[in-house]
Amino acid sequence: MITKEKDLEKKLAVIDIGSNSVRLKICSFESEKKYRVLVEEKDTIRLGEEVFEKGFFGPNSVEKALNTLKKFKSVIDKYDVDYSRAVATAGFRESANQQELVHHIYQELGLPIEVISGAEEGHLIALGVISNFHLEGKTALIVDIGGGSAEIITCNE
């Protein structure tokens, strides 16, 4: 959370590793609740396809993940980002060899990957929706249909 004026000069990068695509977003903060998007990239590499069929990441999936994450990491480094977070969702959750790939990515790129639960994924989705829509005093139903999971979230104040 941005709490101090000096934090407003900081840049944040987020990598979302989904079952179908990997997304990168880099933002700078203009105020505590307002940010400016500097970079937005997406690679559709379908990591979940093999996992949902075979139960694990094979060499092709590992290579696709490394290539995309290497590209995204170089963009993050170019923008001199102050804080980054990389999260992986259903494809990683369902893979028998998720920890091996997480470790391999860290060894190759120095990029820590956090495999998040479905509940945490829903929480982050809700925070994103709340930050983009005026929902004060309202109850919202949010449905996120991904490549490997669907989250149904209700939220209010």
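**Charged pairs and a nonpolar patch**

Tutor: Happy to! At 17% relative accessibility, Asp-43 counts as buried. Please keep in mind that this is a predicted model.

Student: Which side chain does Asp-43 meet in a salt bridge?

Tutor: Look from strand E3 (residues 34–44), which holds Asp-43, across to helix H2 (residues 59–78), 28 residues apart for this pair. The N to O distance is 3.0 Å, and the partner is Lys-71.

Student: Is Glu-121 buried or exposed?

Tutor: Glu-121 meets Arg-93 in a salt bridge, at 2.9 Å from N to O. Glu-121 lies in helix H5 (residues 118–132) and Arg-93 in helix H3 (residues 90–94), so the pair ties together parts 28 residues apart in sequence. Arg-93 is partly exposed at 23%. Buried means under 20% relative accessible area, and Glu-121 has 9%, so Glu-121 is buried.

Student: How many residues apart are Asp-77 and Lys-73?

Tutor: These two form a salt bridge, with their closest N and O atoms 3.3 Å apart. Both lie in helix H2, and the spacing is about one turn of the helix: four residues.

Student: Which strand gives the most to the nonpolar patch?

Tutor: The patch covers about 470 Å² and is made by Leu-141, Val-143, Ile-145 and Ile-152. Ile-152 lies in strand E7 (residues 150–155) and is exposed, at 66% relative accessible area. With three residues in the patch, the top contributor is strand E6.

Key: Residues numbered from 1 in each chain as written. Predicted model: local features only at pLDDT ≥ 70, side-chain atom pairs only at ≥ 80, totals over all residues. Heavy atoms only, no water. Patch = residues over 30% accessible without salt bridge, like charges linked within 9 Å, V, L, I, M, F, W, Y side chains within 5 Å. Areas by Shrake-Rupley, 256 points an atom, 1.4 Å probe, with all protein chains shown as cover. Salt bridge = Lys/Arg side-chain N within 4 Å of Asp/Glu carboxyl O. Helix = DSSP H or I, 4+ residues; strand = E, 2+ residues; numbered from the N terminus. Buried < 20%, exposed > 50% of the residue type's maximum accessible area, 1.4 Å probe, protein only.
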